Amino acid sequence: MTPEPGGAAERSGLAVRQAELVAALVAGRAVPPGFDAARLDAARRALVRKRAGEAAKAWPLLAASCGADWPRAFAAHRAGHEPVGALRDGWDVARALHRRGELTAGAAAELAERESAFRYDGQGDPRPRRGVRFRRSVAKLLARR
C-alpha cells in the first residue's frame, strides 16, 4: 500500500524540510539537500539586514554610533544566531561592543539606561527591575517643583 498523497507521512516530511530550511536561514545550520546554497546565503543575508533594521529602531543610539557600518556590525554579532526580537538582538550587540570597548558615549548611555531599568541575563526576556517605575515617578514629580 502506497502512502496517500498529502497524507500524514507526506506532511511530516514537509514539516521536517521546512524546519531544516528555517534553521539554515536564521540559525546558521547547513544548507538542506536540494536547495541552492548561493540563493539561500543571499536570503540569509537579507534576513540579517532586516533584523538589523528592526534592532536599529529599538536601539537608535547604538545603530547611529555605528553609522553606515551598523548592518555589518549587527551581522558580525548576530548572524547565525536565532532571532530573539529586536530588543534582545540589539542588547546582545551592545554588550558585545561594550566588552570590546567600541561603544560611543551615546550608545553606552543607551545601554546603561536599559541595564538600569531591566534585568537581562542574555538568555530570557528582559524583565523590569523592581522599583524602577516608582523611582521614575518620584523623579518626575520632583522635576515639576
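Which residue lies over the face of Trp-59, and at what distance from the ring centre? Keep that one in mind; the solution comes in Exercise 4.

A few ground rules before we start. This is a predicted model, in which local features need pLDDT of at least 70 and side-chain atom pairs count only at pLDDT 80 or more, while totals for chains, interfaces and linings use all residues. Residues are numbered from 1 along each chain as its sequence is written, and side-chain values use heavy atoms, with hydrogens and water left out.

**Exercise 1. Describe the chain as a whole: its elements, its extent and its surface.**

Step 1. Begin with the elements, where helices (H or I, at least four residues) and strands (E, at least two) are DSSP runs numbered from the N terminus. The chain has seven helices and two strands. Read from the N terminus, their order is α-α-α-α-α-α-β-β-α.

Step 2. Turn to the extent. The C-alpha trace spans about 80 × 35 × 25 Å along its principal axes. The radius of gyration is taken over C-alpha atoms, and the globule rule is 2.2 Å times the number of residues to the power 0.38. For a compact globule of 145 residues the value would be near 15 Å, but this chain has 21 Å.

Step 3. Look at burial and surface. Buried means under 20% relative accessible area, exposed over 50%, and partly exposed in between (1.4 Å probe, protein chains only). By that rule 28% of the 145 residues are buried. The accessible surface, from the Shrake-Rupley method with a 1.4 Å probe and, for residues, only the protein chains shown as cover, comes to about 9800 Å². Carbon and sulfur atoms own 56% of that surface.

Step 4. Finish with contacts, meaning heavy atoms within 4.5 Å. Among contacts with a separation of 6 or more, 45% are between residues 24 or more positions apart.

**Exercise 2. Classify the aromatic pairs, then settle the opening question.**

Step 1. Rings of Phe, Tyr and Trp (its six-membered ring) pair if their centres lie within 6.5 Å; planes under 30 degrees apart are stacked, over 60 edge-to-face, and the rest tilted. The count comes to four aromatic pairs.

Step 2. Trp-70 and Phe-74 form a tilted pair, 5.7 Å centre to centre with 55° between the planes. Both lie in helix 4, four residues apart, about one turn. Trp-70 is buried at 5% relative accessibility, and Phe-74 is buried at 0%.

Step 3. Trp-91 and Phe-118 form an edge-to-face pair, at 6.4 Å and 80°. Here the link joins distant parts of the chain: Trp-91 is in helix 5 and Phe-118 in strand 1 (residues 118–119), 27 residues apart. Trp-91 is buried at 0%, whereas Phe-118 is partly exposed at 27%.

Step 4. Trp-59, Trp-91, Phe-118 and Tyr-120 form one aromatic cluster.

Step 5. Now the opening question. A charge sits over a ring if NZ of Lys or CZ of Arg is within 6 Å of the ring centre and within 35 degrees of the ring normal. The residue over the face of Trp-59 is Arg-114, at 4.3 Å from the ring centre.
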